[in-house]
Amino acid sequence: MGNGAAGGADGPVAAGSPARTRIGSDVNPASLPGGAVYRNPANGRSEVIVKDTSNMAVLIGDSQSEPAYGWTRQGLAAAGYKVFFCGRGGTGYVAANGTTGNYIDALQRGDWKLPYGIPPLVVIEGGGNDAARGASDAQIVDNADRLITSIEQRYPAARLLMVGTLARGAHYGGGRRSEVDALLGTVANRHRLPFVSAGDWLTRYNLTGSMADGVHLNRQGHAALGAVFGQRLESMGFDYAEPGLLSGLSR
């Protein structure tokens with residue numbers, strides 16, 4: 001599903017593109033056009049210039065999130081965010097797809113690039129490919145810990161939300177996918193991060209008949225689950241509110 005390693009409102013440069021990277025403290029990132037790649041001297045990483053990050057959600061994920069109509073993207077859009085996607089189908093906390101590494105390896109070696117600036121929200125979704133490929137609990141936990149630490153260091157002011165593994169539920173054949181969902185919940189809890197469990201959503205929301213295959217939803221299923229996710233974000237207080245509006249209401 002989809003072919004972009006990174007996507008956002010200002011047309012960020014995808015991983016592997018030949019765009020020129022601007023490097024050094026003498027370059028003013030505010031002067032660069034949207035989509036330019038900038039080597040941030042503060043952390044030594046190449047990042048994508050996005051002109052407005054005020055209502056941006058950085059979404060790290062797999063094929064559940066990669067297509068433009070993915071349910072995580074639709075839910076975030078319903079909650080008031082524009083989405084900058086980092087990731088690719090076939091990847092996960094441990095799983096790689098042959099061209100793109102797992103989440104933490106892909107970030108560290110630059111397979112995809114985070115946006116420069118200060119987004120209000122970072123969402124990490126996944127676990128399905130780790131479940132399918134036999135990643136152990138220890139491997140998943142170790143890489144999840146590393147990823148969370150890296151994201152918190154890069155965006156200390158952002159809220160960080162983890163979204164679990166879409167599955168049928170433990171009592172309806174969810175198997176390892178539901179187990180990984182529960183495992184990621186324990187990781188989030190240990191880091192004191194909010195967590196959205198999706199380990200039984202296919203059966204809870206009667207979406208087993210809205211599948212494109214045995215794992216992925218069709219467009220109608222994505223739309224239905226996107227509405228569910230958007231409502232969950234709102235109920236958890238993650239819907240985006242314009243800061244100017246909030247300050248006006250407080251007067």
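Buried means under 20% relative accessible area, exposed over 50% and partly exposed in between, with a 1.4 Å probe and protein chains only. The model is predicted: local features need pLDDT of at least 70, side-chain atom pairs count only at pLDDT 80 or more, and totals for chains, interfaces and linings use all residues. Residues are numbered from 1 along each chain as its sequence is written, and side-chain values use heavy atoms, with hydrogens and water left out.

**View 1. Asn206 in its loop.** Asn206 sits in the loop between α6 and α7. Helices (H or I, at least four residues) and strands (E, at least two) are DSSP runs, numbered from the N terminus. Asn206 has a relative accessible area of 66%, so Asn206 is exposed. Its phi is positive, about 55 degrees, although Asn206 is not a glycine.

**View 2. Arg192 in its loop.** Arg192 lies between α5 (175-190) and β9. Arg192 counts as exposed because its relative accessibility is 79%. Not a glycine, Arg192 still has a positive phi of about 60 degrees.

**View 3. The ends of helix α7.** Asn218 caps the N-terminal end. A side-chain oxygen of Asn218 lies 3.1 Å from the backbone nitrogen of Gln220. Just after α7, Gly237 has a positive phi of about 80 degrees.

View 4. Helix α7 covers residues 219-235. At 1.5 Å a residue, its 17 residues should span 24 Å; the end C-alpha atoms are 24 Å apart, which agrees. The expected span is 1.5 Å times one less than the number of residues. Buried residues of α7 include Leu225, Val228, Phe229 and Leu233. The buried residues of α7 pack against α1 (71-78), β8 (159-163), β9 (195-196) and α6 (201-204), where contact means heavy atoms within 4.5 Å.

Notes. Polar contact = N/O pair within 3.5 Å; in protein donor to acceptor, adjacent residues only side chain to side chain.
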